[in-house]
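Q: Could we go through the charged pairs and the nonpolar packing in this one?

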Amino acid sequence: CLTWLCSSLAERTGKVLGEFCQCYKEQYGVALFNSVRYEIEGNGGPQAQLLHRKVPLEDHVIYSGNLFQYIEENKKWRNRFCVVPHNYGLVLYENKLAYERDLPPRVLVNSAGYKILTSVERYLELVNSSLPGVTPKSGHSPILKCPTDFPLILWHPYARHYYFCVMTGKEQEKWRAVFQDCVRHCNNGISEDSKVEAPAFTDAIRMYRQAKEQYGTWDMLCGNETQVLSNLVMEELLPELRTTIGPRLKGKAPERQRTWIQISDAVYRMVYEQTKAQYDAVTAKCEQERPQMESTIRTDMDQIITSKEHLASKIRAFILPKAEVCVRNHVQPYISSILEALMTPTSQGFAEAREVFFKEVTDMNMNIVNEGGVEKLAEYMEKLSHLAFHPVKMQSCYEKMEQLKLEGLQQRFDVSSTSVFKQRAQIHMRQQMDDALYTFETLLHQDLGKLQGKDDVCKSIQRILERVLKKFDYDSSTVRKKFFREALLQITIPFLLKKLAPTCKGELAKFQELIFEDFASFILVENTYEEVVLQSVMKDIMQAVKEAAVQRKHNLYRDSMVMHNSDPNLHLLGEGVPIDWAEEHGGQSEAEPATEKRRRAKQVVSVIQDDEGVLPYEVGAEVLLQPGSPKPDPGAPPSSPDGVEKIREVLAKESLGDEVEEQLTNGAEVPHTTPASPAPRADVPSEAEVSHATPASPALGAETPSPSAGSTCYQPSDKETGEVSPPGSECSAPQLTGTPESGEGVQTAF
């Protein structure tokens, strides 16, 4: 039965991927043509006034600290030391000592597509809805019990779930901000630097879904290309899988739910591997054909443009009257309402980012006057330069965008969720903040050689701050107006296409004969039709945004306001070597050994690895361990913070049964092992905050359910989870146990 199921799933997966790959190959030629045409003709918007940092967080750790993780294989809660490196993966170590000794991590998690939940009740609702008809009866034990009131759960519709908890509400808020930053960045996994592959991929996804009559925004366009494609496949496989597997699951409701989550995760892993292989093959083939295609485009550019314009004119004559009526009746009356709903929270978020930037620079200036003097400038600037990647300090900006609501407009225009707009605006906020900081530090660094004494430094900081704020306001207006236009198109175009499909889509085939065979790879009827539909509504959208700017709503600038050459040499400064404040102005000895420098760096801005590795959506660390690799020695931990000391004293009494398992010989010599790179994918980045009390090395027991017949379909191996279940271990009611480590979360010094 299992063999047949795997074979059937592989066949279905192959069929979906085959159809998608055909869409991708068609869209690749169109994207390549558009890229070359843009390169030749050029059509850039207003020049940004702020500088852009090329490598924002190279070799920095965003956040690190202890939290409890629930290990499903042995039904226990264990303390883990969690590190969030610069690429926003979640890296879980046995303890802090294991991290400091460069031992391999237990688990690496790519959080793309996950939702962060802080309520067990909300999690149970999602679990109950994932397998209809399987709901625990009143009084029965639920699938998950949390030993504290502060859970943090990573939920995914297809992949495995991750369960964490902390001891205080303050810790929960900080970790939630960190996890949300990880998800936000990981979801944005398709590189915008790719001018051909990225648009070809996203257009192919959209065309594939529209062929299935699925219009509107899609929540699972999350992560890198392989993850997005895996989500696309799972969206089609899951209903059938649920129908086939669901009735065969045995045991009580919580047990069936656990089994279902494990099966879904196993299928997702299988789909992921198959998807990666097929997608890599099709992209390699397109890349191989690219030189010949590009040569044809450059040679026949004028003829291709003429042919496309001729096709567009014919489609326009047929489509435009119907499209204009549809726009006038169903879209135009709502554009201003949608725009206002978008503008208010977005502009509040950017205004908050401006305020945070102003406050942090002003506080630094006051510190130089009152305390540190010029000698402390390097230390202050090292922290300030990474403010944009500080999840807790930036949280007030992001929270403004969480207020976005489209109310009845969301149902009218088939917008399944506003999360895609929220996350996009939040990424713009962070980028704008980092651009402002980079411009500020570049200008200040240029002036430092001319300044004498702290009075000169403080005056220079104030003058530069005012210059940068003006640039921030201008760039903020430009970025927001572009975001509003894109969001309005993203909401209205799918709606129009769906409305027009019954009367127009069937007639498109007759226009195919207007395309010369030699140019058929670069001109598609479907794409040209969508461009005509876009033009039918674009005028109204542009006018609405323009009117908002003319009225100075939300501090938007008019398009006619252009800042020309206000700092003609500024962008030349941005091309220089990145500034290292600690090295240039921190008074470090040049003869400092590299090992000592690395040891100190871990206490401030830790360096995990030199190269970004490649991480699938989740990897068990057992895969990384070499045979015979030693386990880390926890060492002698410092005392717990006062806030949870009494709680831990009670918990420690319950830990006696598990202490032997957790505690290794103190002072044991642990040979250094070189781990595989713990970096989650380059397309999976993140951020950090200062010390907070977190618990340490515990184990928590939970009642072990009897194995069901259905559970034999799939059990995660130790290699997937990095956890080893002791033979015959049985657990009682949830208890946090273990030897406490330092409860200090490490703000990696922002």
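This is a predicted model: local features need pLDDT of at least 70, side-chain atom pairs count only at pLDDT 80 or more; totals for chains, interfaces and linings use all residues.

Q: OK, is Asp280 buried or exposed, or in between?
A: Asp280 is partly exposed, at a relative accessible area of 34%, and Lys276 is partly exposed as well, at 27%.

Q: What does Lys276 form with Asp280?
A: They form a salt bridge, with the closest N and O atoms 3.1 Å apart; the term stands for a side-chain nitrogen of Lys or Arg within 4 Å of a carboxyl oxygen of Asp or Glu.

Q: Why are those two about one helical turn apart?
A: Because they are four residues apart in helix α7, residues 253-299, where helices are DSSP runs of H or I with at least four residues, numbered from the N terminus.

Q: How many salt bridges does that rule give?
A: The count comes to 32.

Q: And which parts of the chain does the Glu360 and Lys393 pair link?
A: The side chains of Glu360 and Lys393 meet in a salt bridge at 3.6 Å, N to O. This pair links distant parts of the chain, since Glu360 sits in helix α8 (residues 301-372) and Lys393 in the loop between α9 (377-384) and α10 (395-401), 33 residues apart. Glu360 is buried at 18% relative accessible area, whereas Lys393 is partly exposed at 32%.

Q: Switching topic, which residues have the most contacts inside the largest nonpolar core?
A: Those are Phe20, Tyr24, Phe179, Phe357 and Phe440, in a core of 162 residues; a nonpolar core is a set of buried Ala, Val, Leu, Ile, Met, Phe, Trp, Tyr and Cys residues joined through side-chain atoms within 4.5 Å. Helix α8 gives the most to this core, with 24 residues.

Q: What does Phe20 touch?
A: Leaving out residues up to four places away in sequence, Phe20 touches Phe201, Ala204, Ile205, Tyr208, Leu229, Leu232 and Tyr279, a contact being heavy atoms within 4.5 Å.

Technical notes. Residues are numbered from 1 along each chain as its sequence is written. Side-chain values use heavy atoms; hydrogens and water are left out. Buried means under 20% relative accessible area, exposed over 50%, partly exposed in between (1.4 Å probe, protein chains only).
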